Amino acid sequence: MCKLRLLFCVFSLLLLHYARAQSKTVSGTVLDEKGAPLAGATVKIKGSSIGMNTDQSGKFSLSAPAAASGLEVSFVGFESKLVPITGSADIRVVLVPTRSSLDEVVVVGYGTQKRKDVTGSVASVKGAAIKDLPVTSVTAALQGRAAGVEVIDNSGQPGGPTPEIIIRGVSSLHQPAPLYIVDGVRVPGDAINIQDIATVDILKDASAAAIYGSAAAGGVILITTKKGSSSKPAVNFNMRYGITQPKLVTNLLQRDDWIKLQNVINPTYFKGATATDTLANTDWVHALYHNAYEQNYNLSVAGSAPAVNYLASGYYNAQKGIFIRNYSNIGGARINTDFKLGDFVKIGEEISFSQRKTQPLVGDEAQLHNAPFRTAPVIPIKNADGSWGTVPPGYGILFGAPNPVGAAYSADALDIQNNFQGNVYGEIKLPFHLSFRSTLGYTYYLETMDYYQYPYNFGAVSNPTNSLTKMYNQSGQLLDNFVLTYDQEF
């Protein structure tokens, strides 16, 4: 028997040694053409699913089969590369930018440059790449589409806070928000129809401060809207409708099982009760949460002629949240036109406005987020007399949690956000390859919110008085700039 055990151990060691011999560790670093590490680059074994992403220093280390011949290395905005696996302990991989994009024109502050001539760090996203996304903000559309740009969405409710955007990492304890520039005019946020966007250029490094000053500490997002291009009027209409089904915890205790549990941990609650089958059996999860929907409509007319090009568009988006009484609707319009007055003068304007109406989550007094898990199933949504249900009388239940449906309907809130952004410009061609452009822009933002709380009595939680809270936020900004440009190739 001992000999068999010894043979088994020797055989196991041989198998382990053989398995190790069939694999090898491959490590290295991925860099760009300037020697800077590329964090998040994808490194895969050729012809297999084995792979990983590089760390912040651009390093990687993975176990490859002995027969592996090469690594497939890729990164957004760079040419993919096939690297042979050699006996070197550390593989150095250098990626070069995608050559097809080097001649693209990108916006850099008050002018444009070819990408191959840009000295700062600029990321670009085409409008065609984001126009069909089921989002209503530019910030949300940029998620996962630009290297060095991190988007964090802290709320899924319609009309909730704008997702937080961090460009090239956190720079301070009080991380500043990026500066938004739409058609050369500073705007307070990203309230713009995604369908109207031609390009989004993101200035990611400190060179942006040379143009916009300290306001660019969190980066700059430059948005250029569409213009008419075809000689004939082009009419575009698209619509989208979607349903969101929430993932709910549906295996909460129902009435009978909940009463059995209380008879074990709180025997006095239902001591001597004989008519428990007449109590309510409320499913609070499905009473509070339902399928959400979104509908979106866009209509635009665009065209051009030798002396004019134009774009007129309008949109409407309606979202209903998964929680009862939570919705957000937004609608707006835009007009962009350019006029050529001869060979030397050009004038034009970009005007847009929008309004968003949101009913946020209300009834915080009932702690709605925890309510389905804290409210007893024997509490009815409404009593026979039409009042909101509370702990049934005659039982020893000390606290059954408040009625969350009643709390949601005992408060009314409406938030209205109005945005206006417009600018007019004139451009004159001067001798000696000079041109002069003057722009006058104006932005206006008005937000009002009314929150009315009705008196309520949910047994454990009550408030006999009503209250009204009003919020008013208004801001405006007038911007004028004058740019003299010299453009000549030698």
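Reply: Happy to! Strands here are DSSP runs of E with at least two residues, numbered from the N terminus. The model is a predicted one, in which local features need pLDDT of at least 70 and side-chain atom pairs count only at pLDDT 80 or more, while totals for chains, interfaces and linings use all residues. Residues are numbered from 1 along each chain as its sequence is written, and side-chain values use heavy atoms, with hydrogens and water left out.

Let's start inside. One cavity of 30 Å³ or more is present in the structure; a cavity is a set of points on a 1 Å grid where a 1.4 Å probe fits but cannot get out, and its lining residues have an atom within 4 Å of a point. The largest cavity holds about 210 Å³ of space, counted as the space filled by probe spheres set on the points. It is lined by 20 residues, and A191, I192, S352, N419 and Q421 are the closest to its centre. At least two lining residues come from each of β20 (327–341), β21 (345–359), β22 (411–430) and β23 (434–453). Sorted by class, the lining has ten nonpolar, seven polar and three charged residues.

Now look at how these strands are arranged. β22 and β23 run antiparallel and are joined by 20 bridges; at least two DSSP bridges are needed for strands to pair. Within this pair, N418 faces L446 of β23. The two strands make a hairpin with three residues between them, and F432 in its turn has a positive phi of about 60 degrees. On to the next partner: β23 also runs antiparallel to β26 (residues 467–486), again through 20 bridges. There Y445 sits opposite S475 of β26.

β21, β22 and β23 each give the patch at least two residues, and F353 belongs to β21. As background, side chains in a regular strand alternate between the two faces of the sheet.

R334 pairs with D196, their closest N and O atoms being 3.6 Å apart. The whole structure has ten salt bridges.

Notes: On a 1 Å grid over the protein atoms alone, a cavity is a set of points where a 1.4 Å probe fits but cannot get out, and a pocket is an open set with protein on both sides within 12 Å along at least five of seven lines; lining residues have an atom within 4 Å of a point. Helices (H or I, at least four residues) and strands (E, at least two) are DSSP runs, numbered from the N terminus. Ala, Val, Leu, Ile, Met, Phe, Trp, Tyr, Cys and Pro count as nonpolar, Asp, Glu, Lys and Arg as charged, and the others, Gly among them, as polar. A salt bridge is a side-chain nitrogen of Lys or Arg within 4 Å of a carboxyl oxygen of Asp or Glu.
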